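Here's a quick briefing to read alongside the model. Have the sequence and the 3D view open while you go through the points below.

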Amino acid sequence: MKHTKGPWKIVGSEIWAGSRRITIGHGSYDEKDRETRNANARLIASAPDMEVEIEHLKAINDDLLGTCKLAVDYLKNGFPNIAQDRLEKAIAKAEGKEL
């Protein structure tokens with residue numbers, strides 16, 4: 001299902017995306033109800049922004065999971081010691097040997 005692209009803005013108790021009205025708040029018009037309706041409108045209006053952030057967090061999580069899997073593989077199969085390899089190559093070069 002597709003939703004109307006953001007950003008969504010609050011105008012009174014209505015939610016708008018550009019020139020398109022998304023929804024309107026209903027209820028009684030006492031002060032307490034107006035506060036709740038306005039809070040609901042802010043929550044609804046933030047939905048497209050929250051979707052973007054959720055997708056961003058999913059991508060970060062995928063990267064982190066990949067890194068964790070790589071670390072587990074290194075621990076199981078031996079972590080390559082890059083510094084040690086470089087030192088051995090430098091010493092071999094200084095001694096006129098090839099590795």
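β1 and β2 pair in the antiparallel sense, and 3 bridges link them. Keep in mind that this is a predicted model. The notes below start with that pairing, then move on to the rest of the sheet and to the helices.

**β1 and β2**
- Look at Lys9 to see the pairing up close: its bridge partner in β2 is Trp16.
- The two strands make a hairpin, with 2 residues between β1 and β2.
- In that hairpin, Gly12 has a positive phi, near 65 degrees.

**β2 and β3**
- β2 covers residues 14–17 and also pairs with β3, again in the antiparallel sense, this time over 4 bridges.
- Trp16 turns up here too, with Arg21 in β3 as its bridge partner.
- Next along, Ala17 sits opposite Arg20 of β3.
- β2 and β3 form a hairpin as well, and 2 residues lie between them.
- Gly18 is in the turn of this hairpin and has a positive phi of about 65 degrees.

**The sheet as a whole**
- Put together, the strands give an open sheet of 3 strands in the order β1-β2-β3, with antiparallel pairing.
- Which strands sit at the edges? They are β1 (9–11) and β3 (20–24), each of which pairs on one side only.
- Neighbouring strands in this sheet are turned by 35 degrees against each other on average, if you ignore direction.
- As background for reading the side chains, those of a regular strand alternate between the two faces of the sheet.

**The two helices**
- Packed helices in general are described by the angle between their axes and the distance between the axes.
- Here, α1 packs with helix α2 (residues 47–77) at an angle of about 40 degrees, and their axes are 5 Å apart.
- The contact brings Leu43, Ile44 and Ala45 of α1 together with Ala47, Pro48 and Met50 of α2.
- Sorted by type, the residues of this contact are 6 nonpolar, no polar and no charged.

**Asn40**
- Asn40 belongs to helix α1, which spans residues 31–45.
- Its relative accessibility is 40%, so Asn40 counts as partly exposed.
- Asn40 and Ser13 lie 27 residues apart in sequence, and their C-alpha atoms are 9.2 Å apart in space.

Note on methods:
Residues numbered from 1 in each chain as written. Predicted model: local features only at pLDDT ≥ 70, side-chain atom pairs only at ≥ 80, totals over all residues. Heavy atoms only, no water. Pairing = 2+ DSSP bridges. Axes fitted to C-alpha atoms, helices over the stretch in contact; angles between N-to-C directions. Buried < 20%, exposed > 50% of the residue type's maximum accessible area, 1.4 Å probe, protein only. Contact = heavy atoms within 4.5 Å. Nonpolar A, V, L, I, M, F, W, Y, C, P; charged D, E, K, R; others polar.
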